[in-house]
Amino acid sequence: MSLQDWMKKSYEGLDEQVNNTIAYVLLPANMDRMGLTGASTWINTVFDPQIKAYSTAISVWKDISKRTPLVVKTLQDEKAKLIPIYREMYSGFICNNPLVTSTDREAMGFPPSSDIKPTPSPDPTSYVISEVKLIGPGVIEIHYHDQVSTGRAKPYGVHGAEILWVIADQPTDNWDDLLHSSFSTASPLRMSFNSNQRSKTLSFSARWENTRGVKGPLSEVASAIIP
């Protein structure tokens, strides 16, 4: 299996492959051994739900009596959403992860590793620089990049940014007050708030997280009024 053709092309083949992957990854012993515990939030909130959406579309499509143009279009759309997430799973957590064995990779449907051991992703050491944009009523975007770059590229080995945040009547500059956490693999992170939260203050801090779940230093706490 080459790096170019590891993803199954058929609807049903891909469905079987991604479900084998998620079943293997979600076993606690496997997740811990492969160093993916730090990625569990992304796996459970991004990867797994899209697999379920695709599998649901597949189950409807398999019923020939219900295979309308709308059903086919829905399946195609769900596949188009799944493919980049599946590639991100492979490139972000598997292909350069020294804790993942060839047996692991083959069980998940990925290419076997080469005889050359990859270099482990380094611990993040740089800070996240962020900027808030008020998009509309109750909607805020947090745009972020690395301190040494004004572009969108993340530091080598980094999978995404963890944003710690809290909503209160007044801003805070204390990291311990940031009770909630969101994870973003690509800038910006869009956050939506209900009517009761508008006019309150969102305080947040961000840090990089690499493919092994190791977190970098937290940025200074920033604040914004929720529009």
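Trainee: Is Tyr90 buried or exposed, and what is its relative accessible area?
Mentor: This is a predicted model. Buried means under 20% relative accessible area. Tyr90 falls under that cut-off, so it counts as buried, with a relative accessible area of 8%.

Trainee: What is the relative accessible area of Phe110?
Mentor: The cut-off for buried is again under 20%. Phe110 is buried, and its relative accessible area is 1%.

Trainee: How many aromatic pairs does a search of the whole structure find?
Mentor: Rings pair if their centres lie within 6.5 Å. Searched as a whole, the structure has aromatic pairs numbering ten.

Trainee: Which kind of pair do Trp6 and Tyr86 form?
Mentor: Their ring centres are 5.2 Å apart. Planes over 60 degrees apart count as edge-to-face. Here the planes stand at 70 degrees, so the pair is edge-to-face.

Trainee: How many residues apart are Trp6 and Tyr86?
Mentor: Trp6 is in the segment before α1 (11–25). Tyr86 is in helix α4 (residues 69–94). The pair links distant parts of the chain, and the separation is 80 residues.

Trainee: Which kind of pair do Tyr90 and Phe110 form?
Mentor: Their ring centres lie 5.0 Å apart. Planes under 30 degrees apart count as stacked, and over 60 as edge-to-face. These planes are at 35 degrees, so the pair is tilted.

Trainee: Where does Phe110 lie?
Mentor: Its partner Tyr90 lies in helix α4.

Technical notes
Residues are numbered from 1 along each chain as its sequence is written. This is a predicted model: local features need pLDDT of at least 70, side-chain atom pairs count only at pLDDT 80 or more; totals for chains, interfaces and linings use all residues. Side-chain values use heavy atoms; hydrogens and water are left out. Rings of Phe, Tyr and Trp (its six-membered ring) pair if their centres lie within 6.5 Å; planes under 30 degrees apart count as stacked, over 60 as edge-to-face and the rest as tilted. Helices (H or I, at least four residues) and strands (E, at least two) are DSSP runs, numbered from the N terminus. Buried means under 20% relative accessible area, exposed over 50%, partly exposed in between (1.4 Å probe, protein chains only).
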